[in-house]
Amino acid sequence: MKGSIGRVGRSVLFALDPERAHTLSIAALKSGFLPCPPVLPTPRLAVNVAGLDFPNPVGMAAGFDKNAEVPDALLRLGFGFAECGTVTPRPQAGNEKPRIFRLPEDEAVINRLGFNNEGLERVVARLRERGTRPGIVGINIGTNRDSDDRIAAYEEGVRAFAGLSSYLTVNISSPNTKGLRDLQHRKSLAELLDRVTEARDSEADRLGRRIPVFLKIAPDLPDEGFVDVAEEVARYRVDGLVVSNTTLSRAGLKGPARGEAGGLSGKPLFHRSTIALARMRKLVGPALPIIGVGGIDSAASAMEKIRAGADLVQLYTGMIYAGPGLPARIVTEMDSFAHSAGLSSIRQLRDTHVDRWAERPLGG
């Protein structure tokens, strides 16, 4: 019966424009309309990463809740954490519509949204209203497209959210803001990380606690690009990585929208993003936290990310196709697997497949 309801709900949403469907999804979460089966915490899935205690390693990726409207509703769906954003200093309309394209044949989405969001002040106000409610909520920060000093925009984000969020993610890997990915080039990356970590440490002195700062990278970096990121992240004591953002690759796609410009997410991203994850794990060593993102749509794919080197995982597009019950289902099945395999912690899977993934070619 639940499956039938899910299929009907998907049919209704898929009959709508993707942005309209997304707006309705946010509204449903706000209203409490979506059923939230209880997901009980289990010590087998609990993980401590970057000084934070996660009830389970499955998170909502940035992009769904851009303006921090429903983080607690997302946590009630079974997510162990929720990442909101991307948030820019000033409100931004984003790119022209249409800018989201479903590829049902591929269980994928192409988007060229362009950091559309209500701006820093509105999100700060919502987080202040949220107060000290339990649950891990991260904020993904970016820059306005017309910013005169893009790095200063990230510094502003750190200062605004350091006392209001559980962690921050510095997003320099979206393909939908012209020139943004250039910040991944070594010289620019060094300046960015120097200034961002200085802002992080300054806020730590003020607040009496240091907020973890993660760096989100693209899966399309050349080999030397992965090396550059690993070395600069170590140099500036970044607290972790998010691997990865959407891809510009269109290899193997069947859907008629495959020619649209923008970043590709969903099932076809799993291979490329997991290779990027494993390569980064080998470069940064075992200690640095990594969040694995891209193509997760089941407990099996979530656990494979962990085997490839992830401490935590995130999903978004998978829920578009599988429905809001996906996070609870993944968490329940992961716990069942850990129990049947005799694992005391899901972390025992980490890195067990890292070599086999790191050695695979990225492909087209």
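Predicted model: local features only at pLDDT ≥ 70, side-chain atom pairs only at ≥ 80, totals over all residues.
Which residue in β13 does Val293 stand opposite?

1. Residues are numbered from 1 along each chain as its sequence is written, and side-chain values use heavy atoms, with hydrogens and water left out.

2. **Strand β13 and its partners.** Val293 stands opposite Gln314 in β13. Strand β12 (residues 290-293) pairs with β13 in the parallel sense over three bridges, and strand β3 (residues 58-60) also pairs with β13 in the parallel sense over three bridges. Two strands are said to pair if DSSP finds at least two bridges between them; the strands themselves (E, at least two residues) and the helices (H or I, at least four residues) are DSSP runs, numbered from the N terminus.

3. Buried means under 20% relative accessible area, exposed means over 50%, and partly exposed lies in between (1.4 Å probe, protein chains only).

4. **Aromatic pairs.** The structure holds six aromatic pairs. The rings of Phe54 and Phe81 have their centres 5.0 Å apart and their planes at 80°, so this pair is edge-to-face. For this term, rings of Phe, Tyr and Trp (its six-membered ring) pair if their centres lie within 6.5 Å, and planes under 30 degrees apart count as stacked, over 60 as edge-to-face and the rest as tilted. Because Phe54 lies in strand β2 (residues 52-54) and Phe81 in strand β4 (residues 81-87), the pair ties together parts that are 27 residues apart in sequence.

5. Phe54, Phe81, Tyr167 and Phe214 form one aromatic cluster.

6. **Charges over rings.** The charged end of Arg102 sits over the ring of Phe14, 4.5 Å from its centre, and Arg360 lies over the face of Trp357, at 3.9 Å from the ring centre. The criterion is that NZ of Lys or CZ of Arg is within 6 Å of the ring centre and within 35 degrees of the ring normal.

7. **Nonpolar cores.** The largest nonpolar core has 98 residues, of which Phe161, Leu192, Leu215, Leu241 and Met334 touch the most other members. Such a core is a set of buried Ala, Val, Leu, Ile, Met, Phe, Trp, Tyr and Cys residues joined through side-chain atoms within 4.5 Å. A second, separate core of seven residues includes Leu103, Ala108, Ile110 and Leu264.

8. **Strand β6 between two neighbours.** Strand β5 (residues 100-103) and β6 run antiparallel and are joined by four bridges, with Arg102 as the bridge partner of Val109. These two strands form a hairpin with four residues between them, and Glu107 in the turn has a positive phi of about 50°. Four bridges also join β6 to β11, again antiparallel, and here Asn111 stands opposite Gly263.

9. **Asn111 and Leu248.** Asn111 lies in strand β6 (residues 108-111) and, at 16% relative accessibility, counts as buried. Leu248, in the loop between β10 (240-243) and β11 (263-266), is partly exposed, with a relative accessible area of 48%. Leaving aside neighbours within four places in sequence, Leu248 is in contact (heavy atoms within 4.5 Å) with Pro175, Arg181, Asp220 and Gly262.
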